[in-house]
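Subject: Structure handover

Hello,

Here is the structure I promised to pass on. My notes follow below it.

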Amino acid sequence: MPTPTSAKDSNELEELIRTIAALREHCPWMGALTHESLVEYLIEEAYEVVDSIEAGAVDDELRGELGDVLLQVVLHARLAEERGSFDFAAVARGINAKMVRRNQHVFRADGSLRDSFPASVEEIIVKWDAAKRAEKPERKDPFEGIPPHLPALAAAQKSLDRAARAGMADPQGALAAVGLPAIPASEEALGELLLAVVAGAREQGLDAERALRAAVRSFQSTRAQPS
């Protein structure tokens, strides 16, 4: 059973925030950082966490990689605080409120725990999606909010997931239409198939990433059309 955040945890986070504030003031390199210049580090650190997890890293390594991601969050919050916009506490309050609001199977509206938690995974997804729609009722496009710069495979997976949750048909006939074999049953075999597709594209002088991005955009456009 996880233990609640202790005063020690809070103190350590506050110490990190103070350290970053001091570095921003007294370190010329740190003081010159901007949101824009930090983007490459944020992406790099996130991928290093992924690498650690997929490599089965020991906890010490994973802890260190998570610390690097946390550093990026604290830095971005500090930059915002310096220009009078928001601070780290506001970031934490915002994400906490979102978690409470979107997980109605666990929390009441006031943030207190419910007496029982009977929701199935399917019910959880339905309630999560309903909470998101209530937050932004003007959002009609199921694909809105998918970052345009996601890698093509991640964008394809997320787009298909959004389409399925919105009750749209998946392109199940796509494999037969282009003459590809059936999808393998294991991720290892699927990876080999995807690598072979990329290799074939390379031999033909085609850019597989760009081609898939275009296909995803076309899929989103056709599925988002009002019927």
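The accessible surface of the chain comes to about 16300 Å², with 59% of that belonging to carbon and sulfur atoms. Areas come from the Shrake-Rupley method with a 1.4 Å probe, and for residues only the protein chains shown count as cover. Of the 227 residues, 16% are buried (under 20% relative accessible area, 1.4 Å probe, protein chains only).

This is a predicted model, where local features need pLDDT of at least 70, side-chain atom pairs count only at pLDDT 80 or more, and totals for chains, interfaces and linings use all residues. Residues are numbered from 1 along each chain as its sequence is written, and side-chain values use heavy atoms, without hydrogens or water.

Mean pLDDT (the predictor's confidence in each residue, from 0 to 100) is 87 for the chain. A score of at least 70 is reached by 90% of the residues. Among the elements, α2 (residues 28-31) has the highest mean, 97, and α8 (residues 174-178) the lowest, 59. Where pLDDT is low, the predicted coordinates should not be read in detail.

The chain has 10 helices and 0 strands (DSSP runs numbered from the N terminus: H or I of at least four residues for helices, E of at least two for strands). Helix α9 (residues 187-203) has 17 residues and should span 24 Å at 1.5 Å a residue (1.5 Å times one less than the number of residues). Its end C-alpha atoms are 24 Å apart, so the two agree. Just after α9, Gly-205 takes a positive phi of about 75°.

Best wishes

Conventions. Buried < 20%, exposed > 50% of the residue type's maximum accessible area, 1.4 Å probe, protein only.
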